[in-house]
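Colleague: Pick one chain, please, and give me a close look at how it's put together and what it touches. Spell out the cut-offs as you go.

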Amino acid sequence: MKLKKQITNAISNAITYLLWLFFIANLSYLVYSYPNIPQWVYNDILKINGFTILIWTLVTFFSALIGSYGKNYLKGFKYHSKFSILCFGFTLSIMTFVMSNHIILLLITWLLMGVFMSMIIGVDSRWGEAKEAAKFALKYFLAGSIFLGTGMFLLAFSTQSYTLSEILLKVDALPKYLTIISGLFIITAAIIQSAIYPFHRWLLSAMTAPTPASALMHAGFVNGSGILLALFSTVLFASNTLIILFVIGGLTAVIAQFTKLIQVNVKQKLACSTIAQMGFMIMQCGLGLFNAAVVHLILHGFYKAYLFLSSGEAVRQEKPKKPLYITIKPIQALIVLFFGVCGALMFSFSTGKGLGLNSSIFLTLIVAITVGQVTYNIVKEQSLTLLQKAFLPPILFMSGIITYALMYNFVTALMISMPMVAEPLPLSALEVGFGVVFLIGFFMMKLGAYRRYPWLYVKLMNITQPYKKTILMYKSK
Amino acid sequence: MINQTINKSISEASQVIGKTWPLYSFVTSNPLSGYEKKPFFEAVNHAEKRFNAQVYPEVSLFREAWERGYIHKERLNHLLKENDFLKSPEYYLEQMNNIERPIGINANNDLDRFMTKWLAAFMDEGLAEWDMPNKEKGFYEAWRKLVIYDQEIPKTSIAEIPKTPGETVESILNGFSESDILEIFKQHLAALPGWTGYINYRCESNSEWQQKYPITLIEYLAVRLWTAQKINAQIHSKTNDELSNPNISKLQYIWLKAWEKGWQVEMEKLISEQQLNTKSIKNLKQQTEAQMVFCIDTRSELIRRHIENKGNYETFGYAGFFGIAMDYEDLNNGIIRKSCPPIVKSAYHVNEVPQENCSEEVEVYKKKNEHVKFKNYFLKRLKNMLPSAFGFVEGSGGFYGLYMIFRTLLPEYLLRFKKLNSRHHESIFQTEIHNSGCETNDTQNIPLREKVAIVKSGFDLMGWKDFAPLVVFVGHGSHSANNPFGSSLDCGACAASPGRHNARMLAKLANMSEVKQVLRENHNIEIPPHTIFVGAEHNTTTDEIVLFDAEVPSSHFEELQKLKSNLEKARQTATQERLGVAQNSIALANKKANNWGETRPEWGLAKNAGFIVGPRNLTKHANLEGRCFLHSYDWETDKEGAALEAIMQGPVVVTQWINNHYYFSTVNNETFGGGSKITHNVTGKFGVVQGNGGDLKMGLPLQSLMQSDSKMYHQPLRLSVVIQAPLSRVSSILVKNENLKSLLDNEWIYLLVMDPADNNKWYQYERNLNWLSTKVTQSVEKDLDYIIQEEANEVLV
């Protein structure tokens with residue numbers, strides 16, 4: 001009994017230390033060789049470049065961190081070592097995935113990621129609902145792999161090449177209908193992984209995983225689609241399917257942000273937020289800005305992992321309160337506008353986007369509005385002095401934009417060897433039209449207009465219910 | 001007419017469910033409190049059938065107890081034989097092991113799921129940004145207005161649903177007999193005992209949320225029955241009245257009793273040895289430098305022992321609300337919380353007012369508090385809104401990443417940093433007491449007579465004689481990070497609030513010269529002019545004791561410094577013992593307190609099994625391993641028995657709640673406890689569910705009770721109360737208090753009396769005011785076993 005416990009601890013500890021070691025090695029290598037990371041190729045099978053190392057660094061970081069967190073958190077858990085081994089397996093799959101060049105290896109590792117993740121969801125095999133949740137998620141992941149496989153093999157057969165790099169070189173010569181079909185398959189695989197509407201339900205039913213596993217899932221699994229799409233960006237450009245990503249991502253971002261409003265369980269609330277953020281990431285891909293999407297998946301990973309790991313803090317006694325509506329004075333509005341423009345300018349120059357009229361303007365616009373919202377909340381706060389009101393907004397948005405820009409430039413430099421990952425598109429009417437939809441969503445939310453529609457409440461509630469077999473299916477836990 | 005029957009039946013049926021307390025003030029109460037009028041054995045058998053739940057310790061726990069020798073062999077054999085079980089204990093262990101409780105499919109999955117969906121949405125206390133529409137009209141009406149849009153059930157129109165819950169219930173149950181109706185109610189209430197228990201809590205506490213958004217059991221039943229009918233779920237399911245295995249239940253009960261007896265014998269032995277010891281070293285009584293009063297909480301035992309051996313200190317045990325039946329108004333958010341036992345009605349309201357000459361610091365403090373509030377609001381706003389949610393993540397993600405590394409890898413440094421940046425408001429504010437309901441009127445202070453009564457009753461109950469220069473009232477609170485069950489580690493006597501404010505209030509009252517004067521003139525209690533009372537807090541997670549000494553005059557500076565340095569030493573040795581390490585114990589305790597990944601920051605009241613009412617001398621040199629509540633009491637100063645009666649009516653009942661809660665959460669953590677923390681999902685800011693959702697969890701989590709998923713920490717035993725007082729006095733109190741007598745007769749707790757009038761002979765309470773004399777004699781040295789002789793010596797009252 002005691003021996004078994006020691007072995008359990010030893011396994012989990014060894015894995016955690018190994019992961020930290022991996023992480024430090026990767027990070028040091030990145031920093032040391034930045035910005036010129038040499039590309040390394042092994043036959044037709046493996047290919048390692050700056051982007052590969054970047055993702056390795058990221059995923060080992062998250063795995064190591066949740067290993068350390070889990071050391072206390074999962075102490076005494078019957079399946080602690082199983083959990084550690086599964087997480088390790090997951091980490092290795094994603095690492096192999098990003099260095100794969102052969103499509104069969106790509107497919108296998110993509111599938112393995114899903115298999116490991118579903119096993120983590122059902123890690124507590126004493127628990128009926130957890131097993132149901134694992135099964136449910138696995139169905140999605142299998143479907144995702146089938147879509148990915150079909151898309152890739154379609155490309156492979158028509159180009160007679162089985163490595164990613166060769167396929168990408170030959171894509172432009174393929175007939176359009178072929179690239180469109182395979183593009184659609186790959187997109188479907190991606191949005192299943194990211195739990196994009198209407199494939200979102202597996203994520204909302206995955207809370208049977210221990211909290212640190214959820215952190216890993218939301219920081220290192222759902223955003224796998226960002227990586228996948230970045231790898232296949234050439235196909236998406238060639239098939240003109242970016243606009244689909246843009247619309248699906250954008251719609252999901254808005255809908256999921258609304259579903260988040262009504263969530264009463266903290267983990268489901270976080271999941272809705274993840275779906276929205278993934279929608280946003282997919283939308284960035286749809287704008288041709290795959291590098292921005294990768295930055296988003298990294299920063300969102302930090303953010304969401306933190307929120308999951310601290311989700312026990314949500315217990316708190318509060319008083320019932322009415323939603324409050326704030327009005328703003330003209331002079332305050334002017335300050336908001338001024339800082340918003342400052343933020344936008346700072347953002348577009350620090351990320352090298354310039355002010356050209358192309359799809360990046362969307363991101364600039366979002367930054368401007370965010371800065372505006374930051375300023376707006378601060379200037380009308382009564383407990384702050386005039387001086388604080390004047391300096392707090394620029395301090396906050398500047399530090400935010402600077403850290404973002406650092407990360408952005410770093411990632412962009414590492415992805416330099418990849419084709420077609422930072423190609424802003426010219427603005428089309430459809431994109432502008434959708435931008436308007438986005439703005440309507442913003443105003444509806446801001447003004448609280450949604451509160452007038454009870455049917456909407458029920459609709460949002462029902463589309464975010466977990467799969468029915470994953471709650472209250474069995475008599476006891 | 002029928003409506004009356006329905007109401008009556010509901011209130012009767014609601015006995016099957018307990019009360020689920022919100023996690024922000026988590027009171028450990030008996031989940032089977034509705035069954036307390038029945039004998040324990042019967043009650044748990046009922047519960048077993050009703051919830052399909054394990055109600056005795058798992059066989060693995062019995063095995064562990066057996067192997068560790070907690071269960072005395074002779075005693076067990078004897079009990080087995082008495083009940084016609086003639087084989088060996090090992091045989092029966094195996095027999096109990098072979099019983100499997102099949103995990104069945106929940107036939108009412110859909111119905112239960114729909115209910116939790118609406119209940120969770122309605123009862124939310126501020127987690128969702130968008131509240132359920134029409135919430136203020138009450139659960140039934142809000143549901144009625146929304147369910148017509150629900151596409152998970154067959155289409156329906158508002159005209160189909162009666163306007164009031166009563167009409168709904170009546171129309172559906174029309175035709176059922178009265179006894180069927182009762183059974184139907186029981187079944188549907190017990191289907192989701194966590195949620196219905198929370199409805200129970202809201203109705204009884206009439207919390208602010210309940211006042212604003214009312215929900216009652218009849219509304220729940222109406223919604224549930226209506227839905228059941230709509231989706232063709234069973235309204236009345238057949239139940240079997242038979243226990244699945246009556247013989248096994250009996251066996252388990254016998255094993256439990258043998259285990260409890262083992263503990264009682266051990267406790268008796270510890271205390272009896274103690275008496276031999278104290279007789280020999282009774283002589284040297286030096287000048288006591290300080291007296292410290294701790295809560296009766298089991299965690300006080302350890303720290304008291306360590307403080308006592310650091311100097312001339314005397315310690316006392318007293319219910320941690322320090323006799324002040326009060327509500328406390330939080331300075332920072334204005335929330336009013338109960339800060340006295342849940343069985344006591346709050347007579348007073350205590351809030352904070354600035355100390356003299358502190359106006360500047362108070363201003364700064366208030367500003368800072370405003371800023372914290374703004375920060376929280378600001379972050380929430382940015383995260384929730386479109387499109388700032390996206391921009392915010394990109395701007396702040398890096399910072400979250402850094403902070404995450406710190407919190408995971410260096411929690412103890414973060415604590416140091418946090419401490420540097422925060423200050424206790426206690427150093428610039430003081431407590432002020434008002435009559436409940438008059439809190440707005442500042443001049444309306446409570447009459448001197450009541451102030452005196454509060455102070456006097458404390459000294460009476462504890463049997464206080466002399467006063468040291470420093471008298472410290474030590475409340476206790478826990479400090480843990482990222483812990484939804486944080487309040488379950490706070491003071492149980494203060495309804496799961498930290499007890500520091502009660503301690504400060506009592507110190508303030510006792511320091512008042514007019515109070516001292518009345519005590520001296522009318523009550524013959526002489527408090528020397530040099531004696532100062534101070535409030536303090538024992539941080540049970542780190543064993544740090546913080547004195548709130550901002551107003552202590554400089555004359556006591558030296559004494560205070562000495563005490564503080566000794567408390568620091570006590571902290572070191574206490575944490576060493578508690579955490580089982582020889583080095584860096586304080587750092588380890590600090591780490592546990594501030595590590596966001598720590599699921600067992602401290603053990604709370606786990607292992608509680610005894611309650612000793614008597615002077616400290618009884619237990620002073622014994623290591624009780626934090627298993628006993630200790631209440632100071634001196635039978636000699638309590639001539640009429642009024643103090644003892646108060647102790648038995650109050651603290652004994654509260655400890656029984658705590659103990660029963662620990663028992664049931666341990667024997668069936670899934671049903672009566674909280675399950676494992678690692679898959680908890682906080683709901684509505686007040687509770688947790690497991691995984692994706694389901695029933696609200698009503699009890700302590702696995703990590704508060706067990707060392708690992710299978711290894712025991714808390715021993716699930718019923719509380720054994722030991723009182724040192726004349727037997728006749730105890731008996732007469734029982735005669736007067738039917739409630740206490742019924743708890744004892746029904747074996748929810750045990751009572752043992754050490755009769756000082758009869759040479760400290762031990763008696764155990766048996767049914768109907770009969771007493772059994774027990775006697776432990778130590779046999780020859782080599783043999784560690786103890787022979788128990790029971791004389792069927794009935795003492796008449």
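Modeller: In chain A, take the contacts between residues at least 6 apart in sequence: 80% of them join residues at least 24 apart, where a contact means C-beta atoms, placed from the backbone, within 7 Å. This is a predicted model, so local features need pLDDT of at least 70 and side-chain atom pairs pLDDT 80 or more, while totals for chains, interfaces and linings use all residues. Residues are numbered from 1 along each chain as its sequence is written, and chains are lettered from A and ligands numbered from 1 in the order written.

As for burial, 58% of the 477 residues in chain A are buried, meaning 20 or more other C-beta atoms lie within 10 Å of a residue's own, again with C-beta placed from the backbone. The radius of gyration of chain A is 23 Å, which agrees with the value near 23 Å for a compact globule of 477 residues (taken over C-alpha atoms; the rule is 2.2 Å times the number of residues to the power 0.38). Along its principal axes, the C-alpha trace spans about 65 × 60 × 45 Å. Chain A has 19 helices and two strands, both being DSSP runs numbered from the N terminus (H or I, at least four residues, for helices; E, at least two, for strands).

Methods: Buried ≥ 20, exposed ≤ 12 C-beta atoms within 10 Å, placed from the backbone. Contact = placed C-beta atoms within 7 Å.
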